[in-house]
Amino acid sequence: MKRRLSDWGFVIFTDECSFWREDTRPKKLWTDDPLNEEGTGIHGIKVHCWGAISARGAFPIQIFEENFKGNKLVSMMETILPKITHLYSEGFIWQQDGSGVHRARIVQNFIEQNMPLKLDWPGYSPDLSPIENVWSWLKGEVAKDCPKTLNSLKKCIKKHWNRIDEHFLANYIDSLPDRMNELAKNRGGKINI
């Protein structure tokens, strides 16, 4: 891939996040099928999301309820890879943090075969990755809507995620050089940008 003035516009930032619909209680105290009654969990209704963003916009969000495992992540990456390669025919840089599921052998093999350029990233770096800002914004928007059911929670997440475009993401991605400089000044400590 040809070197560019700034590569941040070619980075695909990825991460996962969980959403809870707290204070949700079953409609019935006694039920014949308590495991299928919405709202019966200790924290209420919960879904997980995996998303990818870039300077050119957001890719379709993946929403799921089961535990996040390597084969699930590979399946989701397979789903969006054609969209990424179409949008970035000149090449892209893959970014993900070092969480356990990202280090799974099946995930690493898929990345090695399909993502020629990868960005090394610390496991916990919410000050840096713009997708962390997007998750924070998305959680605020979803909370305003107060979804009551699992289906309404999923619809709400998708509705707000689909509002994200390159203009919305520009400030988050354009601020990366400043974030990096602040991080260096603070010797890796928390930054406030």
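The model is predicted. The protein comprises six helices and six strands, and 43% of its 193 residues count as buried.

**Overall architecture**

- Along the sequence, the elements follow the pattern β-β-β-β-α-β-α-β-α-α-α-α.
- Of the contacts between residues at least 6 apart in sequence, 69% join residues at least 24 apart.
- The accessible surface amounts to about 11300 Å², and carbon and sulfur atoms account for 50% of that surface.

**Helix α1**

- Helix α1 covers residues 70-87, 18 residues in total. From the first C-alpha to the last, helix α1 spans 25 Å, close to the 26 Å expected at 1.5 Å a residue.
- The helix has a kink of about 40° at Ile80, shortly before the proline Pro82.
- Ile80 also belongs to the buried residues of α1, together with Gly70, Leu73, Val74, Met76, Met77, Leu81 and Ile84.
- An α-helix has 3.6 residues a turn, so residues three or four places apart point the same way.
- The elements against which the buried residues of α1 pack are the strands β1 (11-21), β2 (45-54), β4 (62-64) and β5, and the helix α2 (105-114).

**Helix pairs**

- The packing angle between α1 and α2 is about 25°, and their axes lie 8 Å apart. Because angles under 35 degrees count as roughly parallel, α1 is described as roughly parallel to α2.
- On the α1 side, this contact involves Gly70, Asn71, Leu73, Val74, Met77, Glu78 and Leu81. On the α2 side, Ile106, Val107, Phe110, Ile111 and Asn114 take part.
- Helix α5 (residues 166-174) packs against helix α6 (residues 176-185) at an angle of about 30°, with 5 Å between their axes. This pair is therefore roughly parallel as well.
- The contact between α5 and α6 brings Tyr172, Ile173 and Asp174 of α5 together with Leu176, Pro177 and Arg179 of α6.

**Strand β5: Trp94 and Gln95**

- Trp94 lies in strand β5, and Gln95 is found in that strand too, which runs over residues 93-95.
- Trp94 has a relative accessible area of 2% and is therefore buried. Gln95, at 1% relative accessibility, likewise counts as buried.
- Beyond residues up to four places away in sequence, Trp94 touches Ile12, Thr14, Trp50, Met77, Ile84, Ile111, Met115, Leu117, Lys118 and Leu119.
- Trp94 and Phe10 are separated by 84 residues in sequence, yet their C-alpha atoms are 8.7 Å apart in space.
- With neighbours within four places in sequence left aside, Gln95 is in contact with Val11, Ile12, Phe13, Thr14, Leu119, Trp121 and Ser129.

**Cys146 in the loop between α3 and α4**

- Cys146 is located in the loop that joins α3 (130-145) and α4 (150-161).
- Although Cys146 is not a glycine, this residue has a positive phi of about 50°.
- The relative accessibility of Cys146 is 39%, so the residue counts as partly exposed.

Notes. Residues numbered from 1 in each chain as written. Predicted model: local features only at pLDDT ≥ 70, side-chain atom pairs only at ≥ 80, totals over all residues. Heavy atoms only, no water. Helix = DSSP H or I, 4+ residues; strand = E, 2+ residues; numbered from the N terminus. Buried < 20%, exposed > 50% of the residue type's maximum accessible area, 1.4 Å probe, protein only. Contact = heavy atoms within 4.5 Å. Areas by Shrake-Rupley, 256 points an atom, 1.4 Å probe, with all protein chains shown as cover. Expected span 1.5 Å × (residues − 1). Bend = angle between axes of the 7 residues up to and from the residue. Axes fitted to C-alpha atoms, helices over the stretch in contact; angles between N-to-C directions. Parallel < 35°, antiparallel > 145°, perpendicular 65-115°, else oblique.
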